[in-house]
Amino acid sequence: MFEAYFPVESGALGPEENFLSLDDILMSHEKLPVRTETAIPRLGTFFPDRSGGAETDNEITQGSKLEIPLWLAKGLFDNKRRILSVELPKIYQEGWRTVFSADANVVDLHKMGPYFYGFGSQLLHFDSPENADISQSLLQTFIGRFRRIMDSSQNAYNEDTSTLVARLDEMERGLFQTGQKGLNDFQCWEKGQASQIIASNLVQNYKKRRFTDMED
């Protein structure tokens, strides 16, 4: 039996999302607070409470504060034309960055934002003066939580893991599942239930890149 959808790797941690990835599609619909720096005609169709009405071509007036999807904010953002300015969501502001630096493991990332790392990486498109601090915080948060995530995945064999993954963002849940699969495959091999151990995709991809580099 074939799956209806084969998971596609997210590209959200790089320059652009991968729109063949369901995770990236969902992440790009997360809302971002913005402030309009100029009047925007016709956008008021989607924000009736902020619109000037049909007589003004459904214009959003300058200085309006809105919450719009990430994909729309990226499309409208332009440093030269100054169409809108982006405000950092609270979870990426200095107060929360201080919490993460103290102990990242205490935060329920899924509650704060199910695509914490991907969404935070996309914020770097908007040329905020805090970009360097945001990127450093994302990296240190991941490093601080990674060990516990992988330890948990390796010490939960044939158990209900719902409570272990409840506080993880979607990327962390993917890492947890990878760790669980490795544990289950090892247990099967140890019991003689697996005929062969094959190299992981990570190892195979590394070898391919290495051969390519050698050819170059």
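Me: Which residues touch the most other members in the largest nonpolar core?
Reply: Leu43, Ile68 and Phe116 do, in a core of 32 residues. Bear in mind that this is a predicted model.

Me: Which elements each supply at least two residues of this core?
Reply: β1 (31-36), β2 (65-69), α2 (70-76), α5 and α6 each do. The largest share comes from α2, with four residues.

Me: What is Phe116 in contact with, leaving aside neighbours within four places in sequence?
Reply: Phe116 contacts Ile91, Tyr92, Phe100, Leu109, Leu138, Thr141 and Asp169. Two of the partners, Leu138 and Thr141, are among the buried residues of α6.

Me: OK, α6 then. Which of its residues are buried?
Reply: Asn131, Ile134, Ser137, Leu138, Thr141, Arg145, Ile149 and Ser153 are buried in α6.

Me: And what do they pack against?
Reply: The buried residues of α6 pack against α3 (94-103), α4 (109-112), α5 (116-122) and α8.

Me: Where does α6 bend?
Reply: At Arg145, by about 35°. Arg145 is also on the list of buried residues in this helix.

Me: How far apart are the end C-alpha atoms of α6, and what span should its residues give?
Reply: Helix α6 covers residues 131-154, so its 24 residues at 1.5 Å a residue should span 34 Å. The end C-alpha atoms are 34 Å apart, which agrees with that.

Me: Switching to Gln180. Where is its place?
Reply: Gln180 sits in helix α8, which runs over residues 170-190.

Me: Does Gln180 count as buried or exposed, and why?
Reply: Gln180 counts as buried because its relative accessibility is 13%, and the cut-off for buried is under 20%.

Me: Which residues does Gln180 touch, not counting those up to four places away in sequence?
Reply: Gln180 touches Ser153, Gln154, Ala156 and Thr161. Of these, Ser153 is a buried residue of α6.

Me: Back to the whole chain. How many helices and strands are there?
Reply: There are nine helices and three strands. Along the sequence the pattern reads α-β-β-α-β-α-α-α-α-α-α-α.

Me: What percentage of the residues count as buried?
Reply: 32% of the 216 residues in the protein chain.

Me: And what is the accessible surface?
Reply: About 14300 Å² for the protein chain, and 54% of that belongs to carbon and sulfur atoms.

Me: Last one: what share of the contacts with a separation of 6 or more comes from residues 24 or more positions apart?
Reply: Those residues account for 64% of such contacts in the protein chain.

Notes: Residues numbered from 1 in each chain as written. Predicted model: local features only at pLDDT ≥ 70, side-chain atom pairs only at ≥ 80, totals over all residues. Heavy atoms only, no water. Buried < 20%, exposed > 50% of the residue type's maximum accessible area, 1.4 Å probe, protein only. Contact = heavy atoms within 4.5 Å. Expected span 1.5 Å × (residues − 1). Bend = angle between axes of the 7 residues up to and from the residue. Areas by Shrake-Rupley, 256 points an atom, 1.4 Å probe, with all protein chains shown as cover. Core = buried A, V, L, I, M, F, W, Y, C linked by side-chain atoms within 4.5 Å.
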